[in-house]
Amino acid sequence: MPTQPDWPDRVTASVIVPIRDAALTLPEQLAALAAQDTDVEWELLLVDNGSRDESPSIIREYADRWPRVRHLVCERPGANAARNTGAEMARGAHLLYCDADDVVHPSWVGAMTASLELHDAVGGRLDNETFPPGHMPRHPDRLPVTGRFLQRAVTANFGVRRSVWSHVGGFNEEYEYGSTDTEFCWRVQLAGYELAYAPEAVVAYRHRATLASAARKSYRTGQAHVRLYRDFRDSGMPRSSWPRTIGRWGLLALRLPRALASEPYRWTWVREAAQTWGRVVGSVRLGLRYL
């Protein structure tokens with residue numbers, strides 16, 4: 001990587017990247033961040049969250065050669081803890097979040113910053129083409145409504161004003177994995193702030209490449225859905241109905257033969273089954289029903 005010029009003492013935006021065991025993908029993301037084409041004054045905070053691979057050495061290399069890169073360590077578990085650590089140390093009025101396994105487009109910092117001048121929080125567009133999704137679902141070109149309740153953005157491409165982050169109390173560190181971004185976005189909206197879509201801010205999203213990793217993600221997301229219901233039912237999040245639940249289980253049973261015969265369909269079936277089972281486990285653990 002070439003030596004970068006000094007950055008100014010005052011910055012408008014702080015880019016925060018939580019990192020855990022991302023040595024295989026982190027260099028590509030850092031190269032993309034180094035190549036940003038923008039006049040915005042910004043800093044980069046790389047937050048190591050207990051990596052056991054070569055990620056810390058990669059971070060140190062970039063911090064040594066790229067002025068204003070800041071290497072932070074978060075010992076509390078979970079991506080939300082790392083995101084909060086970065087925000088606590090950030091100097092910018094705008095907090096921009098991306099992940100270590102994706103790749104931001106060259107205009108990302110500028111587009112996110114421009115959008116945050118107009119809105120309280122923003123979610124950018126996720127590019128499904130650079131890293132084809134395989135058998136995973138494509139991200140929509142919009143901010144989806146989740147849980148039949150409110151919109152959410154994905155923290156792989158997310159920005160929020162620092163004042164808003166502070167007012168809502170930061171990211172909820174109880175959510176270590178699964179719905180980490182949903183929980184935060186819902187609190188932002190319930191606090192009266194606007195969550196907007198920024199299609200000009202683009203990140204190439206790297207989808208799950210193995211069926212096992214896709215199943216783990218879905219299982220943990222299913223558990224997190226129960227926690228969301230616990231935390232937001234008084235704010236209006238609806239309970240899962242018995243007809244919907246029975247219908248979902250019945251479709252899983254009916255579709256099993258097709259899943260055994262078709263690999264693409266098998267991925268869909270396994271993800272849905274894992275999420276359904278995650279809801280069962282989450283309901284038992286939290287002592288409430290959200291199936």
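**View 1. Arg271 sits in helix H9.** This helix covers residues 263–286. The model is predicted. Is Arg271 buried or exposed? Its relative accessibility is 16%, so Arg271 counts as buried. The cut-off for buried is under 20%. Which residues does Arg271 touch, leaving aside those up to four places away in sequence? They are Met136, Pro137, Ala214 and Ser218. Look also for Leu211, which is 60 residues from Arg271 along the chain. The C-alpha atoms of Arg271 and Leu211 are separated by 8.3 Å.

**View 2. Arg68 has a positive phi.** Most residues other than glycine have a negative phi. The phi of Arg68 is near 75 degrees, and this residue is not a glycine. Where does Arg68 lie? Find the loop between helix H2 and strand E3. Helix H2 spans 55–65, and strand E3 spans 69–73. Arg68 has a relative accessibility of 32%, so this residue counts as partly exposed. Partly exposed residues fall between the buried cut-off, under 20%, and the exposed cut-off, over 50%.

**View 3. Ser179 is a residue other than glycine with a positive phi.** What is the phi of Ser179? The value is about 65 degrees. Ser179 belongs to the loop between helix H5 and helix H6. Helix H5 runs over 162–167, and helix H6 over 180–190. Why does Ser179 count as buried? Ser179 counts as buried because its relative accessibility is 11%.

Note on methods:
Residues are numbered from 1 along each chain as its sequence is written. This is a predicted model: local features need pLDDT of at least 70, side-chain atom pairs count only at pLDDT 80 or more; totals for chains, interfaces and linings use all residues. Side-chain values use heavy atoms; hydrogens and water are left out. Helices (H or I, at least four residues) and strands (E, at least two) are DSSP runs, numbered from the N terminus. Buried means under 20% relative accessible area, exposed over 50%, partly exposed in between (1.4 Å probe, protein chains only). Contact means heavy atoms within 4.5 Å.
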